[in-house]
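Reader: Hi, I'm new to this one. Can you walk me through a few spots?

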Amino acid sequence: MKNIVKVGMISLGCPKNQVDGEMMLDKLNKNGFRIVQNIEDSDVMIINTCGFIESAKAEAIETILETAEYKKAGLISAIVVTGCLAERYKDEIIREIPEVDAVIGIGADADIVKVCQKALVGIKTSNFPDKCYLPLDDDRLVSTPSHWAYLKLSDGCNNRCSYCAIPLIRGEYREREMQSIIQEAKTLAGNGVKELILVAQDTTKYGMQIYGEYKLAELLKELCRIDGIEWIRIFYCYPDRVTDELIEVIASEKKICSYIDIPLQHANGEILSSMNRFGDYNSLKAILLKMRKKIPNLSLRTTFMVGFPGETEEQFEELCRFVKEMKFDKMGCFAYSPEEDTPAYSFQNQIDDEIKQKRADVLMDIQYTITENANKGRVGNIYKVIVDENEDGKYIGRSYLDSPEIDSGIIFTSDNELEIGSFVNVRITDYDGYDLIGECIL
């Protein structure tokens, strides 16, 4: 290309999708494209979409339509749509939104350079190779702040939860060789990354495809040996795969944050069975209590779904009791979204949208009270905090309790200028809803 072509990306949805986007950006960067941050600065705009639930699909479509307005105004030359919405709805996007120049499935991510080149000369592309061609390990142009990064262990899923479209979108479960993951972590550490966040559709399954046994605990031990890495955080754990060995490693390794993201989805056994998921109130409680007993000061994050087909008021109340009893440090909640081609889509006794939203609001109100009480009890405590931002003279950071982008944080002052990405000690002096307030003590 004679002229340098500028390309931007909007990456929506989960961290796993973001990692895919970072791999595409690296390929473009190495092939002479200039990566820019704003739509108006772009020649080509890539929209890396999510298509997990209805709200995510709506956000993706709205983003595509907004970007199309820039093209109509002559501010950008081409639009490329990638990611989960593209994979799921294929040619419909080009048919319904003519301003889009290319729609590619996740199996075509490695071809992003050719796709963008074609889009710039007016050649429309609609390409959906087998999902197995999605690169699992490749160079990335990391888009997170320089002091933390996601590290993806696998892609796809075989769990077949009855409500979930992920196996349809991302395909069968595939995982990376352990040495590949370790090498990438070393590269990230060499580039200044201090906090690794392990992601996959199900991190606790890691090892079963390649090695025939769970290997997350072993992988964590190896990652802890890498110089420069100070914090390791684990996302997307499946409750019945949290082994005693994994608990022991988290409890004993200083670099592993006492923080686990373990989406439970519900607490009622009948609903969980209908979801094709593990457990009931008592079995899940037993697992969580064991984790809390063996991992000091454990911070538990979870996600629940309300309004699943057939969920009665009694079953919802059981979920509310579970949340009140377990007192999660962090909790997300979303209303069930009927996804076509999933088993639950055709289940009887679908719940009215207004009831679903009301239940979600009730559950989040319960969690807000739990969080407020927990934060009140943290006043006076001193935490090791990683500095994320300096905003109008105040710093924003996180302790081990908080993951970036999804959790709240600590707003604090410092008499000395602090470097972004550094670790400092912060005394908590107050709280404001989900946020803690403090002062740096050097």
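This is a predicted model: local features need pLDDT of at least 70, side-chain atom pairs count only at pLDDT 80 or more; totals for chains, interfaces and linings use all residues.

Reader: Which strand does D155 lie in?

Author: D155 is part of strand β8, residues 154-155.

Reader: Which residue's side chain does the D155 side chain make a polar contact with?

Author: With that of K152. The side chains of D155 and K152 make a polar contact at 2.7 Å.

Reader: And what does D155 touch, beyond four places in sequence?

Author: D155 touches D20, L134, L136, R170, E172, Y173 and R174.

Reader: How far apart in space are D155 and E175?

Author: Their C-alpha atoms are 6.3 Å apart. In sequence, D155 and E175 are 20 residues apart.

Reader: New topic. Where is T302 found?

Author: T302 sits in strand β13, which covers residues 299-306.

Reader: T302: buried or exposed?

Author: Buried. T302 has 0% relative accessibility, so T302 counts as buried.

Reader: What does the side chain of T302 reach?

Author: The backbone oxygen of I262, at 2.8 Å.

Reader: Which residues does T302 touch, not counting those up to four places away in sequence?

Author: I262 again, along with P263 and L264. T302 also touches F328, K330, M331 and G332.

Reader: Let's do helices. How are two packed helices described?

Author: By the angle between their axes and the distance between the axes.

Reader: OK, at what angle do α7 and α8 cross?

Author: At roughly 30°, and their axes come within 10 Å. Helix α7 spans residues 178-190, and helix α8 spans residues 216-224.

Reader: What does that make them to each other?

Author: Angles under 35 degrees count as roughly parallel. Therefore α7 and α8 are roughly parallel to each other.

Reader: Is the crossing of α7 and α8 left-handed or right-handed?

Author: The crossing of α7 and α8 is right-handed.

Reader: Which residues make the contact?

Author: On α7, they are M178, I181, I182 and A185. On α8, they are E218, L219, E222 and L223.

Reader: How many are nonpolar, and how many are charged?

Author: The contact of α7 with α8 has 6 nonpolar and 2 charged residues, with no polar ones.

Reader: Now α1 and α5. What angle do their axes cross at?

Author: Roughly 65°, with the axes coming within 9 Å. Helix α1 is residues 15-30, and helix α5 is residues 112-120.

Reader: So what does that make α1 relative to α5?

Author: Roughly perpendicular to α5. The range for that label is 65 to 115 degrees.

Reader: Which residues make the contact there?

Author: M24, K27 and L28 come from α1, and I112, V113 and C116 come from α5. They divide into 5 nonpolar, no polar and 1 charged.

Reader: Let's stay with V113. Is V113 buried or exposed?

Author: V113 counts as buried because its relative accessibility is 11%.

Reader: What is V113 in contact with, leaving aside neighbours within four places?

Author: K27, L28, N31 and F33 are in contact with V113.

Reader: How far apart in space are V113 and Y259?

Author: 38 Å, C-alpha to C-alpha. V113 and Y259 are 146 residues apart in sequence.

Reader: Which residues make the contact?

Author: D244, I247 and A251 of α9 meet K290, M291 and K294 of α11. By class, the contact has 3 nonpolar and 3 charged residues, and no polar ones.

Reader: Now the loops. What is phi of N276 near?

Author: Near 60°, a positive value in a residue other than glycine. N276 is in the loop between α10 (269-274) and α11 (281-294). N276 counts as partly exposed because its relative accessibility is 43%.

Reader: And where is N349 found?

Author: In the loop between β14 (330-335) and α13 (353-378). Phi of N349 is near 60°, also a positive value in a residue other than glycine.

Key: Residues are numbered from 1 along each chain as its sequence is written. Side-chain values use heavy atoms; hydrogens and water are left out. Axes are lines fitted to C-alpha atoms, for helices over the stretch in contact, and angles run from 0 to 180 degrees between N-to-C directions. Helices (H or I, at least four residues) and strands (E, at least two) are DSSP runs, numbered from the N terminus. Angles under 35 degrees count as roughly parallel, over 145 as roughly antiparallel, 65 to 115 as roughly perpendicular and the rest as oblique. A crossing is left-handed if the near helix is turned anticlockwise from the far one by less than a right angle, and right-handed if clockwise. Contact means heavy atoms within 4.5 Å. Ala, Val, Leu, Ile, Met, Phe, Trp, Tyr, Cys and Pro count as nonpolar, Asp, Glu, Lys and Arg as charged, and the others, Gly among them, as polar. Buried means under 20% relative accessible area, exposed over 50%, partly exposed in between (1.4 Å probe, protein chains only). A polar contact is a pair of N or O atoms within 3.5 Å; within protein, one must be able to donate a hydrogen and the other to accept it, and residues adjacent in sequence count only if both atoms are side-chain atoms.
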